[in-house]
Amino acid sequence: MSVIAVRGLTKRFGSVVAVDDLHLDVRDGELMALLGPSGCGKTTTLRTIAGFELADAGEIHFGEHRVTELPPERRNIGMVFQNYALFPHMTVYGNVAFGLQMRREPSASVRARVTATLAKVQLDGLESRYPRQLSGGQQQRAALARALVIAPDVLLLDEPLANLDAKLREEMRFYVRSLQQEVGITTIYVTHDQAEAMVIADRIAVMFNGRIHQLGPPDEIYHCPQTWRVAEFIGLTNFIDGRIVGHEGELLVLDTALGVFRCRGPAARADARGASAQAGSADAKPERLIAVRPESIQLTGGRASAGEGRLNRLPGVVRARAFLGNFVDYRVEVAPGLVLRVQGDPRAAFAVGDHVEASFDPAAMWTVPAREEAVA
Amino acid sequence: MSRRRPWLLVAPAVALVVVFFVLPYANLLVMSFFTPGRTRPYDPRLTLANYASVLTDSFQWWILWRTLKLGLLTTLFALLLGYPLAYNLVRVGRRLKGILLVLLISPLLVGVVIRSFGWMALLADNGLINSLVRYCGLAPQGLKLMYNEFGVLVGTVHIYLPFMVLSLSGTLETIPPDLVPAARSLGASGARAFWRVVFPLSLPGVFAGCLLVFVLAVSSYVIPVLLGGFKVLTTPLLVVQTAVDVHNWPGAAAQAVMLFAASLACIALWVKLMNRAMRGLAG
Amino acid sequence: MSVSRTAFLTVIVLLYAFLIAPIVIVVIASLNAGRFLVFPPDGLSFQWYVNFARSGPFVRSFFFSLRLAALTTAIATVIGTTAALYVVRHARRNDLLRMLLVAPLQLPGIMTALALLIFYYAIGLGGTSYLGLLVGHVLVCTPYVFLTVSAVLYNFDHSLEEAARSLGAGRVTTFRRVTLPIIKSGIVSGAVLAFITSFDQFPISLLLSGVGTTTLPIQIFDYLRFSFDPTVAAVGTINILITLGVVILTERLGGLESLTWGSRH
């Protein structure tokens, strides 16, 4: 079990830069998720680590071995593809045994290991079936078994659950996670589904346009997004343009078109690159975006009272509502053209057209760099 | 497979086509400008005489006209007969479709000579149809079904019908099956639903199929020979005759080029017509 | 069933009857006691098959065609398959290359034959050599292999090869154990098509055959031009049986669908 170290990885396709000077460290035994929208470069990064693409620049190390130029068959990886890529002309047994046969394992040992791994993924008894005879979930587990039985140094998964239906996907998330922890294998998991990444990853690398915008554990990514793109991609976020005009203790004071707001100071991060750059830019550029999540906004009836106390307040009108069971999704217009998404308690219901007051706790609001350039 | 030079994989096929297909045709074109030889098939002196003789020979024009006419008639009948076949083919289930495809394609795979023999046995003066007709007293003198343009037409339509069907069914398969029910739910009868919805959408296949069949029909050789005797001379027969019997290679080459040119002209006209028709339908 | 539907189906049945009529007639004629097919029928006889077996020229040309077709198939299958591998993997969008490789199918066979005849004289090969005939056959048969193997390769899931390599298989092993078994059906159906095309090939053989290199179709043609000999029917029936058997084999291997791909290219 080893560490994956990626330095300065760059990959171009024609004039398109798919991966741009990427640095990544995956710790021993951890599950790192590469998260981002399609086209962000996460799959290309994975495939370069696997060896199916040759990097234009950069180095990749598995532990002490430099694998940058090795072909995939010499990197000792286990890979699970989005469509499973099970060999249709071989049985389940044949598929799972394939990697061991490539390593010239004696057949007795092959039999033992395949049987044990199949039992581990609850596919025992199905060895002589063909992939087309298996359900989607079974094919998924067969693909996992095939990748794990060879005891690879790293496990690479490329959106492995994308082809399953929603309910099965949810179940399989936990399953994959527990399997990975049981085996303790260093894993990179590519996905565009942020809920999935939050559930299974030890750390998430959020990628856009070939670069990592933020790297950290799920709760940090959620509560302290460092760029507006990350904030927008993870969960729902409302943005308000503003300028920093001063400090109040630990809070920043910003001037906006809607009035003066107070919010949290620059977010604290654990290990993302560019921490100092972030802190620096807070002073360099006064233009910021204030970010606040829908669940952190309180709605009360009536008109705005004078801005007393620490809370920021805004008057608004409810423009739309949708009842979602455990909460109500409101769209509240607080200024011409500026509509905020608010999650409200279903018991205190407002109707369309109601005048409400939205209040925001500064501790639940933070700032990110303004929209023109948002890269750490 | 070869990592460093994958083009080696395709090199033999490309070499084959370039050396033994492109070059010979280029050579043919050059040949059409040479002079017919007396003791040899050709004399490598450049001349335009071959084209002059082809363009001024009214007999050759008549042959060409007849060739094009047969091509057009073949295409027309192939379309009329092939459309129902294609329509049916895309609507049947998987198993039946397999069987029907076998039926459709197997004539192609039996060889044109044997098929022609079958038609001869059917259409000849002492063939099966005439025997039946005489037996039933319908036409005591028998029907002239062979060694004329009718026989040639039947044989040619028969050979190229599968090509039309395959081309049409390719396009018909892409038409969503619920379009006709949708049209009918809006008040259209079955026939109107077909003409206003299905047929226009199938036009690309009609277009391609007609083009394919026309080009093939115009250049067919065996059918006119076997089912037309030498009473139905078409340009391909003329070309071969000029080359092999008369040993006039430049003349034959010029005739072949003229046939190509005439076909291309027809194709260009057809493309123009179809584009106009497509635009008319879209507008 | 409605009237119009019955009428439609009747038309369909008649059309299929039209399509297979000549083949059926050939088989019947081969068993006919008389020379011509008459109604009422003359009776059953195997005389024409006996005639065929006794006819030197027919038997010789039959086996000649068989051997030529086998050789043609072997060559066409290899170069057609490798060409398809290249085009689908490395030149998918190169329309010109694809058109070039399929071109021998697009131009009339008789013209290609003529062009080849004249060309062979120009390069000193002459018009009756076995090599020239073989090259001509390979030329028109290879595109079929190319088309059927391409069709299978287009649908081939590239990630299967990547999966094999991620498990430790090198390029050659991957091709041998994963790619080849899966594209086998395309190769086989292409080979079958190539064999039939060569065996039944007419225009090229017509102009490039010599005295000792006569193929079966040419032999039949020579007979038919001057007389109506039902021995031809016997030969034809054997030909039909061989071809139909081979077509059904291809259908079983799922190769017939790939033929319809070819007509769309």
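Author: A contact here means two residues whose C-beta atoms, placed from the backbone, lie within 7 Å. Bear in mind that this is a predicted model: local features need pLDDT of at least 70, side-chain atom pairs count only at pLDDT 80 or more, and totals for chains, interfaces and linings use all residues. As for labels, residues are numbered from 1 along each chain as its sequence is written, while chains are lettered from A and ligands numbered from 1 in the order in which they are written.

Between chains B and C, chain C puts in 69 residues and chain B 68. On the chain C side, helix H1 (residues 3–30) gives the largest share, 13 residues. (Helices are DSSP runs of H or I with at least four residues, strands are E runs of at least two, and both are numbered from the N terminus.) Sorted by class, that side of chain C has 56 nonpolar, nine polar and four charged residues. For this sorting, Ala, Val, Leu, Ile, Met, Phe, Trp, Tyr, Cys and Pro are nonpolar, Asp, Glu, Lys and Arg are charged, and the others, Gly among them, are polar.

Now zoom in on that helix. H1(C) packs with helix H3 (residues 58–91) of chain B at an angle of about 110°, their axes 10 Å apart. The axes are lines fitted to C-alpha atoms, for helices over the stretch in contact, with angles from 0 to 180 degrees between N-to-C directions. H3(B) and H1(C) are therefore roughly perpendicular to each other; that label covers 65 to 115 degrees, with under 35 being roughly parallel, over 145 roughly antiparallel and the rest oblique. H3(B) brings Leu81(B), Pro84(B), Leu85(B) and Asn88(B) to the contact, and H1(C) brings Phe8(C), Val11(C), Ile12(C) and Leu15(C). Of these contact residues, seven are nonpolar, one is polar and none is charged.

What about the core? The largest nonpolar core has 150 residues, and Ala83(C) and Leu114(C) have the most contacts inside it. A nonpolar core is a set of buried Ala, Val, Leu, Ile, Met, Phe, Trp, Tyr and Cys residues joined through C-beta atoms within 7 Å. Buried means 20 or more other C-beta atoms within 10 Å of a residue's own, with exposed being 12 or fewer and partly exposed in between; the C-beta atoms are again placed from the backbone. Helix H6 (residues 130–154) of chain C supplies the largest share of this core, 14 residues. Ala83(C) itself reaches into both chains: leaving out residues up to four places away in sequence, it touches Leu9(B), Val10(B) and Ala13(B) as well as Leu101(C) and Phe146(C). Apart from this core lies another, of 106 residues, including Leu9(A), Ile188(A), Ile240(A) and Met365(A).

Stepping back to chain C as a whole, you'll find 12 helices and zero strands. Its C-alpha atoms fill a box of roughly 70 × 65 × 30 Å along the principal axes, and 49% of its 265 residues count as buried. Among its contacts between residues at least 6 apart in sequence, 77% join residues at least 24 apart. Ala194(C) and Thr73(C) sit 121 residues apart in sequence but 5.6 Å apart in space, C-alpha to C-alpha.

Chain A is another story. No contact joins chain A to chain B, and their closest C-alpha atoms lie 12 Å apart. Chain A has nine helices and 20 strands, and buried residues make up 42% of its 376 residues. Strand E20 (residues 365–369) of chain A is largely enclosed by the rest of the structure, because five of its five residues are buried. E20(A) pairs with strand E14 (residues 287–292) of chain A in the antiparallel sense over five bridges; pairing requires at least two DSSP bridges between the strands. Within that pair, Arg288(A) stands opposite Pro369(A).
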